Amino acid sequence: MSSERRRIPRADIALDCTLSRRTGSAIAAQTVDLGPGGMRITTPRPLALDEVLRFDIPEQAVDGRARVVREEGHRTYALRFEGLLAPARERLQALATA
């Protein structure tokens with residue numbers, strides 16, 4: 001989705017992020033942009049479209065679940081948050097609009 005079509009703001013920010021599947025080792029990633037509705041990340045490991053992952057962004061004290069909605073180039077993915085709790089959503093909203 002282009003930034004013109006996005007209704008929820010995102011901030012261009014690079015933060016360390018850890019992704020986890022139900023099984024297997026953790027996946028290191030870095031955010032490209034981030035907002036209360038989702039994020040774009042880069043990772044050296046491939047992700048599957050429609051895959052649901054746990055994520056943790058320690059620097060923002062935010063964690064939860066995210067769904068891979070599309071691949072945007074080599075190892076860059078757009079993820080949509082699912083069931084993000086209000087405190088985390090509010091932190092990300094403040095970050096995106098700062």
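This is a predicted model: local features need pLDDT of at least 70, side-chain atom pairs count only at pLDDT 80 or more; totals for chains, interfaces and linings use all residues.
Leaving aside its neighbours within four places in sequence, which residues is F55 in contact with? The legends below get there, starting with F55 itself.

View 1. Residues are numbered from 1 along each chain as its sequence is written, and side-chain values use heavy atoms, with hydrogens and water left out. F55 sits in strand β5; strands (E, at least two residues) and helices (H or I, at least four) are DSSP runs, numbered from the N terminus. Skip the neighbours within four places in sequence, and F55 is in contact with C17, T18, L19, M39, V62, D63, G64, R65, A66, F81 and L84. Contact here means heavy atoms within 4.5 Å. With a relative accessible area of 2%, F55 is buried. The cut-offs are under 20% relative accessible area for buried, over 50% for exposed and partly exposed in between, using a 1.4 Å probe and protein chains only. For a C-alpha distance to check, F55 and I41 are 14 residues apart along the chain and separated by 11 Å.

**View 2. The one aromatic pair.** Zoom in on the rings and you find a single aromatic pair in the structure. The ring centres of F55 and F81 are 4.7 Å apart and the planes are at 25°, so this pair is stacked. As for the rule, rings of Phe, Tyr and Trp (its six-membered ring) pair if their centres lie within 6.5 Å; planes under 30 degrees apart count as stacked, over 60 as edge-to-face and the rest as tilted. The pair ties distant parts of the chain together, with F55 in strand β5 and F81 in strand β7, 26 residues apart. F55 and F81 are both buried.

**View 3. The largest nonpolar core.** F55 turns up again here: along with L19, M39 and L79, F55 is among the residues with the most contacts inside the largest nonpolar core, which has 22 residues. Two or more residues each come from β2 (16–20), β3 (27–34), β4 (38–42), β5 (52–57), β6 (62–71), β7 (76–82) and α1 (86–97). A nonpolar core is a set of buried Ala, Val, Leu, Ile, Met, Phe, Trp, Tyr and Cys residues joined through side-chain atoms within 4.5 Å.

View 4. β5 and β6 pair in the antiparallel sense over six bridges, where pairing takes at least two DSSP bridges between two strands. Most residues other than glycine have a negative phi, and most peptide bonds are trans. A61 is a residue other than glycine with a positive phi, and at 52% relative accessibility A61 counts as exposed.

View 5. What joins β6 to β7? Six bridges do, and the two strands run antiparallel. R70 has A78 as its bridge partner in β7. Four residues lie between the strands of this hairpin too, with G73 at a positive phi near 105°. R75 is in the loop between β6 and β7 and has a positive phi of about 60° although it is not a glycine. At 25% relative accessibility, R75 counts as partly exposed.

**View 6. Q93 on the helix.** Q93 lies in helix α1 and, at 34% relative accessibility, counts as partly exposed. Apart from neighbours within four places in sequence, Q93 is in contact with P9 and P36. Q93 and L34 are 59 residues apart in sequence, yet 9.2 Å apart in space, C-alpha to C-alpha.

**View 7. Stepping back to the whole chain.** Of the 98 residues, 39% count as buried. Among contacts in the protein chain with a separation of 6 or more, 47% come from residues 24 or more positions apart.
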